[in-house]
Amino acid sequence: MTQLLHFIKSWTLPISMSIGAIAYLVSYYIPALEELSQNLAPIFSSILPLFMFLILYVTFCKVDFKKLTTVPWHWWTALVQCLLVSAIVGTILFFSISPKELILLESVLACVISPCAAAAAVVTLKLGGNLEQMTTYTFLSNLLCAMLIPICFPLIEPTSHLTFWGAFTLIIQKVCLVLVAPMLLALLTKSLPQLHRFHQWLIHIPDLSFYLWGCSLMIVTGTTLKNIFHAASSISYLLLIAFLGLLLCILQYAIGRRIGRYFGTSIETGQALGQKNTAFAIWIATTYLHPLSTVGPGCYILWQNIINSIEIWKKGKYSA
């Protein structure tokens, strides 16, 4: 039993993804369960934001808000993201890109331009990184994303009728709902004397936010497979998008860790540049780009969580 619990703790993310994948595949290939799957889909869609809210609330309860300040690696990581976005947009604009190749580049762009995942702070904490630095960068990354999207997307998709202030306002609203609301609630929980005992009880539950994230990952994995299975394209083309997502994921983690070597923050910078808010990436791809480009961020979800799982396993191995 002890070995089983240790295995589950070490491989929580792959186990969560496997359960989500198996649940969807069973409902997909067994016609009798198809109707049940369709009825449950709206419920899962409404549960997922609640999971994200709880994950961030629990994480922010552990944050020392007095330490939220910018540090040099924040600006270097943001600069690298801007350079990657500029390279992709420049390639689209200055070369004759066919529609199929444009979809490939748009799927890559959606993964690069999207902000750092809110759950990156959870993994950073699990790996022993600085939670306050990671939280600060999450907000900076979302602000950067809100400025880049209205500038870049009208250049590659002129028919999207995207205005700068319209897109900026919409993204900021989403950021406030996803990040600011749980942060304010956590600040209130830390500040009120009446909630002191509850706050202490909450922060002393080992890895609570991490396991909540594992539960949400089941839903995300099932939804990702659903989007891939219903994508109107050939298998070889979908595999190509998935492979590009893998290369991009490895590249961003590697660049992030390389930056971190100069500041002693390899964990933080690796997660900051590599772990993306893929749900947001899917949303912007659906809203402003070709619908098929959502497959890229969908596959990126799987790749980044496999990398996260390997990192957590190595951390546990070396700690032992």
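This is a predicted model: local features need pLDDT of at least 70, side-chain atom pairs count only at pLDDT 80 or more; totals for chains, interfaces and linings use all residues.
Accessible areas here come from the Shrake-Rupley method with a 1.4 Å probe.

Now the overall build. The protein has 14 helices and 0 strands. Read from the N terminus, the elements run α-α-α-α-α-α-α-α-α-α-α-α-α-α. The radius of gyration is 20 Å, close to the 20 Å that the globule rule gives for 320 residues, so the protein is as compact as a globular protein of that length. Along the principal axes, the C-alpha atoms fill a box of roughly 60 × 55 × 40 Å.

What about the inside? Of the 320 residues, 47% count as buried. Then there are the contacts. Take those with a separation of 6 or more: 81% of them are between residues 24 or more positions apart.

Next, the nonpolar patch. Which residues form it on the surface? They are Ile22, Leu25, Val26, Tyr28, Tyr29, Ile30, Leu33, Leu36, Leu40, Ile43, Phe44 and Phe229. Together they have about 1,000 Å² of accessible area. Two helices each supply at least two residues of the patch: α2, residues 12-29, and α3, residues 34-60. The largest share comes from α2, with 5 residues.

Let's pick one member of the patch. Leucine 25 sits in helix α2. Its relative accessible area is 31%. Why is leucine 25 called partly exposed? Because partly exposed is the class between buried, under 20%, and exposed, over 50%, and leucine 25 has 31%.

On to the aromatic rings. The structure holds 2 aromatic pairs. Where do the two partners lie? Tryptophan 73 is in helix α4, residues 72-94, and tyrosine 137 is in helix α7, residues 131-156. So the pair ties together parts that are 64 residues apart in sequence.

Phenylalanine 198 is partly exposed, at 36% relative accessibility. Tryptophan 201 is exposed, at 53%.

Now charge. Side chains of opposite charge can pair when their charged atoms come close. How many salt bridges does a search of the whole structure find? It finds 1. The partners are glutamate 311 and arginine 257, whose side chains meet at 3.0 Å, N to O. Glutamate 311 lies in helix α14, residues 295-319. Arginine 257 lies in helix α11, residues 235-261. Look at the cover on each side. Glutamate 311 is buried, with a relative accessible area of 12%. Arginine 257 is partly exposed, at 30%.

Phenylalanine 94 is in helix α4. At 70% relative accessibility, phenylalanine 94 counts as exposed. How far is phenylalanine 94 from glutamate 106? They are 12 residues apart in sequence and 15 Å apart in space, C-alpha to C-alpha.

Then tryptophan 165, in helix α8, residues 164-191. Tryptophan 165 is exposed, at 60% relative accessibility. Tryptophan 165 and glutamate 34 are 131 residues apart in sequence. In space, C-alpha to C-alpha, the gap is 42 Å.

To wrap up. We have a protein of 14 helices and 0 strands. A nonpolar patch on its surface takes its largest share from α2. There are 2 aromatic pairs, and there is 1 salt bridge. Thank you.

Conventions. Residues are numbered from 1 along each chain as its sequence is written. Side-chain values use heavy atoms; hydrogens and water are left out. Patches are made of residues with over 30% relative accessible area and no salt bridge: like charges are joined within 9 Å, nonpolar side chains (Val, Leu, Ile, Met, Phe, Trp, Tyr) within 5 Å. A salt bridge is a side-chain nitrogen of Lys or Arg within 4 Å of a carboxyl oxygen of Asp or Glu. Helices (H or I, at least four residues) and strands (E, at least two) are DSSP runs, numbered from the N terminus. Buried means under 20% relative accessible area, exposed over 50%, partly exposed in between (1.4 Å probe, protein chains only). The radius of gyration is taken over C-alpha atoms; the globule rule is 2.2 Å times the number of residues to the power 0.38. Contact means heavy atoms within 4.5 Å. Rings of Phe, Tyr and Trp (its six-membered ring) pair if their centres lie within 6.5 Å; planes under 30 degrees apart count as stacked, over 60 as edge-to-face and the rest as tilted.
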